[in-house]
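Take a guided walk through this model.

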Amino acid sequence: MTDPDLLELADESPEALYALLEERGWGDGLPVVAPTPERVDAALAGAHADEVIAVLPPRGGAATRRAIAVNAVLAGCPPELTPVLVTAVRALGHQRLNLRGVNATTHPVAPLVIVHGDAVDDLGFNSGLGAFGPGNRANATLGRAVRLVLLHVAGARPGPGDASTQGQPSKYAYCTAESRSEWPPYHHSVGVEAPSAVTVHCGENPHNFHDMESGDIERILDKAASAMATFGVNNACISGGEWFIGLCPEHAATAHAAGWERGDVADYLFERARRPAGEFRRQFELLSWAGWMRDAPDDEMLPMTQEAANIRVFVTGGAGKHSCVIPSWGMTRSVTLPLAP
Amino acid sequence: MFHDRLSAMTIRIHAPVGPLADDSPQLAPVAPALSGGRIGVLDNGKPNALVLLIRAAEGLAERIGGRVVAVTGKGPRGNAATTCTPQVLATLSKEVELVLTGSAD
C-alpha cells in the first residue's frame, strides 16, 4: 500500500503526458498537470499519504490521501482545495450513497459536489453567476478532480467501470457552491453545524426552470413542480429518490419575503409535483414505491417522491430568475459532511 | 553526454490509480470444465432479465449436459441497483458451478 508507484516520463510536455495517459487508459480526455512528487507533496501538505479515506467501487481502489492528491494535481486543483476534495471522497465512500450502483448504472448520473459555508469565499468557489459553469478555477478543478478520482481509483471508466448509456456533460466536472441567502446555510438544515461543509448528491444535469415575472412564490414553484413531474426521470419510478432544488438568489428571496423557509418550499413541491397513480402504472411495469403509494387508486395524485424531506433546497447562482431541479439517480442518498482535512 | 542531457530532462510522476484495497474483490477462478455442471440464475431485477437469463441458462445446460438447479433474486429488498445479500452469494457458491446474471437493461 505504500509504494508510491512513480513513473518516468520523457518531459512535461502536453504531448508526453497525453501519450502516457492514452497508453495506460487514464485521464478524462483533457490536458492534465503532471503530478510530480513536488506538486503531490504540496497537495498533501504534510498529511499521512497512505491513510485510506475511502474504498471506491467497482475497482475496489483505496482512495489514499496520496491517490487523492495525485488526481487533484492532474485536475489543476490548487493545494488549498485538497481538504474539500478529501471530504468529497469521504462522502463518496458512504454506504448510503451507493457508489457501486452509481457507477454501474446505465443512467447518466454524476456526483454533484456542493460547497457550503465559509469555505466558499475562503477558497474562491463561485456561488454567483454561472455557478455550475466554467470560468472559476475552484469549481472547475474540484469537480474535475472528483471525476478523475472516480476514473482512476474507482475504475469508473466508460465500459468496464461505468455503464452509462450516454453519459452526461457533468461527468467531466460537477461542482457548485451555495450562495449566501436569508436562510441559514443548507448544511445546518441537515444537522451539520460546522462553519463549512460539502454535500455530494448523485444526480442528473440541472433541469432549468425560469420565472421572470412572478412576485408570488407559489407561481414560481409551480414551474419547478412541472419540471419535476415528468416520467422521464428515475425518480418517477423510485419513490425514495431525492430532488435537489437549486433556487437562484432572487427566487429564494421571493420565498423568504413571503415568510417561507426551506421546508416550506419542499412541502409545497411535494404537494404540487404530482401525477395520477394510474399514469405511473401505465408508464412503468416496475415501480419501486413506498407501501402507501402502492395502494393508491388510479385517480389519486401521487408525489414524485415518497416524502417531502426528500426534496432538498439550496441556493446558488447570481442575478436573474433561473433556477433548477436536479433529480437523483434514484437508488442513492446524498451525503453532507463537515469540511475536514 | 547526449544521453546524460536526455536523462536530466526526464521527470517522475505519480500514477493516479492508487493501490487496491486489501479486501478488493477478485475474479473467481475459471472452472476447469463446465460439462455436466450445475447452473444458477441470479435475477438482477431489470425488466425481462429473468426471462432472458433462464432461457440462456437452459440453453447452456442443454449444450453442456448440465442442469439449472437454482434461480434466485438478490434477497429481501434487492433490486437492480443493489448487490445481492451475502446469504444468496453463499448459497449460490455452495450449490452451483456457474451463475448467469446481468447488470444492464
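The side chain of A:Thr254 makes a polar contact with the backbone oxygen of A:Glu250, at 3.0 Å. Such a contact is a pair of N or O atoms within 3.5 Å; within protein, one must be able to donate a hydrogen and the other to accept it, and residues adjacent in sequence count only if both atoms are side-chain atoms. A:Thr254 sits in helix H10 of chain A, residues 249-257. Helices (H or I, at least four residues) and strands (E, at least two) are DSSP runs, numbered from the N terminus. With a relative accessible area of 17%, A:Thr254 is buried. Buried means under 20% relative accessible area, exposed over 50%, and partly exposed in between, using a 1.4 Å probe and protein chains only. Beyond residues up to four places away in sequence, A:Thr254 touches A:Gly215, A:Asp216, A:Ile217 and A:Ile220. Contact here means heavy atoms within 4.5 Å.

A word on the ground rules. This is a predicted model, in which local features need pLDDT of at least 70 and side-chain atom pairs count only at pLDDT 80 or more, while totals for chains, interfaces and linings use all residues. Residues are numbered from 1 along each chain as its sequence is written, chains are lettered from A and ligands numbered from 1 in the order in which they are written, and side-chain values use heavy atoms, with hydrogens and water left out.

Now go to A:His187, in helix H8 (residues 186-189) of chain A. A:His187 is buried, at 0% relative accessibility. A polar atom of the A:His187 side chain lies 2.7 Å from the backbone oxygen of A:Ala194.

Next, the rings. Over all chains, the structure holds seven aromatic pairs. Rings of Phe, Tyr and Trp (its six-membered ring) pair if their centres lie within 6.5 Å; planes under 30 degrees apart count as stacked, over 60 as edge-to-face and the rest as tilted. One aromatic cluster is formed by A:Phe231, A:Phe280, A:Phe284 and A:Trp289.

What of the cysteines? There are zero disulfides over all chains. A disulfide is a pair of cysteine sulfur atoms within 2.5 Å. A:Cys237 is buried, at 16% relative accessible area. B:Cys84 is buried too, at 15%.

Turn to chain B. It has three helices and four strands. From the N terminus on, its elements run α-β-β-α-β-α-β. Of its 105 residues, 30% count as buried. One of the buried residues is B:Leu100, with a relative accessible area of 16%. B:Leu100 lies in strand E4, residues 98-100. Apart from neighbours within four places in sequence, its contacts include B:Ile39, B:Val41, B:Leu53 and B:Leu60.

The contact takes 24 residues from chain B and 39 residues from chain A. About 2,700 Å² is buried between them, and carbon and sulfur atoms give 63% of that area. In chain B, B:Ile13, B:His14 and B:Pro16 lose the most area to chain A, together 29% of what that side buries. Buried area is the accessible area (1.4 Å probe) that two parts lose on being put together, summed over both.
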